[in-house]
Amino acid sequence: HYPIIMFMIGTAVRCGEAIGLTWNDVDFKNRDVSINHQLIYKKTGNSYGFYADSPKTDSGVRIIPMTTEVYKALIEQRQNQLSKGWRTDTEIGGYSDFVFSTKNRNPIMPSAVNNLLLNIVNKYNSTVGDIELPHISAHNLRHTGCTRMAEAGMDPKVLQYIMGHSKISVTMEVYNHVSAERNRKEMEKLEKIRLIG
């Protein structure tokens, strides 16, 4: 499960955008991914199923450059799929050959992403004493990715684009939180210097 987790943190995409990603959306040569649709799993008529939809917002269509970690995670995922024969042959709304698939060669359901995170946390928590991890969801991966980008000092407008936010105010909620933490750390440094002097 490492590739999908690293991909989601490294790009800060929404869960539906990650599970909807196809190999046609991945450009290894230019090292970027095209986010132009998402997969949604819901009830239509009398049964549940996947359908393809545009991203959540108009700003959701975007090209995200790959970090080295994301690039390596996608290479690993491709090798895993090829060696295990898990490449998808399912077509949903004109999209096929999904990057993240099950052993049954179907796209991964959003609930499966959340379940794998729950299982990882539960397994970890069963091996430790007092310090347990909290519940983690696919949205936490997106939020963590956004926070790490803001902590690295990414320009807020670039961060807004990467996140696919239609309004800068949504991006700034995360950015300002990080800035407040950064401000606190800088003030703590100042306090230490004063104590030394």
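This note sets out numbered points on the predicted model shown above.

1. Three strands form an open sheet in the order 1-2-5, with antiparallel pairing. Strand 1 (26–27) and strand 5 (62–65) stand at its edges, and each has a single partner strand, so one side of each lacks a neighbour in the sheet. The pairing of strand 2 with strand 5 is antiparallel and extends over 4 bridges. Within the sheet, Ile35 lies opposite Arg62 of strand 5.

2. Hairpin. Strand 3 (residues 38–44) and strand 4 (residues 47–53) run antiparallel and are joined by 7 bridges. Thr44 has Ser47 of strand 4 as its bridge partner. The hairpin has 2 residues between the strands, and Gly45 adopts a positive phi near 70° there.

3. Nonpolar core. The largest nonpolar core comprises 38 residues. Phe7, Met8, Val33, Leu74 and Val113 are the residues with the most contacts inside this core. At least two core residues come from each of helix 1, helix 2, strand 2 (32–35), helix 3, helix 4, helix 5 (138–151), helix 6 (156–163) and helix 7 (168–196). Helix 5 contributes the most, with 5 residues.

4. Surroundings of Val33. When neighbours within four places in sequence are set aside, Val33 is in contact with Phe7, Leu21, Asp25, Val26, Arg62, Ile63, Ile64, Met66 and Leu74. Two of these partners, Phe7 and Leu74, are listed with Val33 among the residues with the most contacts inside the core.

5. Helix 5. This helix has 14 residues and reaches 20 Å from its first C-alpha to its last, close to the 20 Å expected at 1.5 Å a residue. Its buried residues are Ala138, Leu141, Arg142, Gly145, Cys146, Thr147, Met149 and Ala150. Which elements do the buried residues of helix 5 pack against? They pack against helix 1, helix 2, strand 5, helix 4, helix 6 and helix 7. Gly153, which follows helix 5, has a positive phi near 90°.

6. His165 is placed in the loop between helix 6 and helix 7. Is His165 buried or exposed? His165 counts as buried because its relative accessibility is 10%, below the 20% cut-off. Its side chain makes a polar contact of 3.5 Å with the side chain of Arg142, a residue that is buried in helix 5. Not counting residues up to four places away in sequence, His165 touches Arg14, Ser59, Arg142, Gln160, Val170 and Thr171.

7. Ala12 has a phi near 60°, a positive value in a residue other than glycine. Ala12 is located in the loop between helix 1 (2–11) and helix 2 (15–20). With a relative accessibility of 0%, Ala12 counts as buried. Asp97 also has a positive phi near 60° and is likewise a residue other than glycine. The loop that holds Asp97 runs between helix 3 (68–84) and helix 4 (110–125). Asp97 counts as buried because its relative accessibility is 18%, which is under 20%.

Conventions
Residues numbered from 1 in each chain as written. Predicted model: local features only at pLDDT ≥ 70, side-chain atom pairs only at ≥ 80, totals over all residues. Heavy atoms only, no water. Buried < 20%, exposed > 50% of the residue type's maximum accessible area, 1.4 Å probe, protein only. Core = buried A, V, L, I, M, F, W, Y, C linked by side-chain atoms within 4.5 Å. Contact = heavy atoms within 4.5 Å. Pairing = 2+ DSSP bridges. Polar contact = N/O pair within 3.5 Å; in protein donor to acceptor, adjacent residues only side chain to side chain. Expected span 1.5 Å × (residues − 1).
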